[in-house]
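Thanks for making time this morning.

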Amino acid sequence: MKLATWNINSVRARADRAVEVLARHDLDVLALQEIKCKPEQFPLEPFREAGYEVALHGLNQWNGVAIVSRVGLEGVRTAFPGQPGFAKGAPSEGLFIAGDVEARALGTTCGSTGLSSGVEVWSLYVPNGRAVGDPHYHYKLAWLAALKDAMAARLVEDPEAKIALVGDWNVIPTDADVWDTSATGGLYLSEPEREAFFAFEQAGFVEVTRGRVTNYTFWDYQQLRFPKNEGMRIDYIYASPALAGTVTSAAIDRDERKGKGASDHVPVIVEFAL
């Protein structure tokens, strides 16, 4: 199975590019983030014509996640257990009050056959955080903690489960993952954010791209960041132990950032020998 994750930054603006990515990499599954549309606004036809099904979760013009698959979509879920929402005006002194659940997580099983239970794929758009100490920052930490707890419980329930947690994590795990550590104002690379990211390793998951490919996955549109290669690496793929052992290759499609109308993120691709 060949799987990619990509923050597309509006699927309506980039549906043709997404179909080209599917063909160029011969993908079985493509997880999208920031689709920025409601279900009735999603451009389904180009994907269907290419031979893919689409599961999606979008509530408005913000956020939104989707999974595009030619190997099936079973048991679609629009939130993980315990997923918190965001309440505007929540206190910021280390506290968090849950509000409405946003369209930031979508799970489904791909590749099920009579001999295999398939891969449980989660397309994830982790909250940005806005600024260290902001109410949205505490929401981000609560969101990551709840996701970790939910997925750790899945592994306790089924240690052999094949689970892929993929998407835009909005975390810079190490200083090497950003062109300038002072460029973010401390966001994405604060110690609590990094601890929340690496907590998935403690829960048994393996980030399967870092040891196989190096590159940034995001370059801001401002100040010629891409031509200067002033980017950051914030898109990752965490795999459960049973799935991590099947990885054969990984890639970052840097070229997708080129040309008119590109997203500010690029696809991250992993192949599994299932």
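Which residues does Phe205 touch, not counting residues up to four places away in sequence? Before I answer, please keep in mind that this is a predicted model, in which local features need pLDDT of at least 70 and side-chain atom pairs count only at pLDDT 80 or more, while totals for chains, interfaces and linings use all residues. Residues are numbered from 1 along each chain as its sequence is written, and side-chain values use heavy atoms, with hydrogens and water left out.

With contact taken as heavy atoms within 4.5 Å, Phe205 touches Met151, Ala152, Leu155, Ile163, Leu165, Phe200, Tyr238, Ala239 and Ser240. Apart from the core that I will come to next, there lies another core, of 31 residues, with Ala55, Leu106, Val119 and Val213 among them. A nonpolar core here is a set of buried Ala, Val, Leu, Ile, Met, Phe, Trp, Tyr and Cys residues joined through side-chain atoms within 4.5 Å, where buried means under 20% relative accessible area, exposed over 50%, and partly exposed in between, with a 1.4 Å probe and protein chains only. In the largest nonpolar core, which has 36 residues, Phe80, Leu165, Trp169 and Phe205 touch the most other members. Helix 3 gives the most to this core, with 10 residues.

Helices (H or I, at least four residues) and strands (E, at least two) are DSSP runs, numbered from the N terminus. At the start of helix 3, a side-chain oxygen of Asp134 comes within 2.7 Å of the backbone nitrogen of His136.

Now to the annotated site. The unreviewed UniProt entry carries a "binding site" annotation that covers Asn7, Glu34, Asp168, Asn170, Asp264 and His265; such positions are given in the numbering used here, feature names are shortened, and annotations may be inferred rather than shown by experiment. These residues are spread over 259 residues of sequence, yet they cluster in space, with a largest C-alpha distance of 13.1 Å.

Two of them, Asp264 and His265, lie in the loop between strand 11 and strand 12. Asp264 counts as buried at 11% relative accessibility, and His265 is buried too, at 3%. Leaving out residues up to four places away in sequence, His265 touches Trp6, Asn7, Asp168, Thr217, Phe218, Ile234 and Asp235. The side chain of His265 also makes a polar contact with that of Asn7, at 3.5 Å; a polar contact is a pair of N or O atoms within 3.5 Å, where within protein one must be able to donate a hydrogen and the other to accept it, and residues adjacent in sequence count only if both atoms are side-chain atoms.

Ser263 sits in that loop between strand 11 and strand 12 and is buried, with a relative accessible area of 0%. A polar atom of the Ser263 side chain lies 2.8 Å from the backbone oxygen of Asn7, and the Ser263 side chain reaches the backbone nitrogen of His265 at 3.2 Å.
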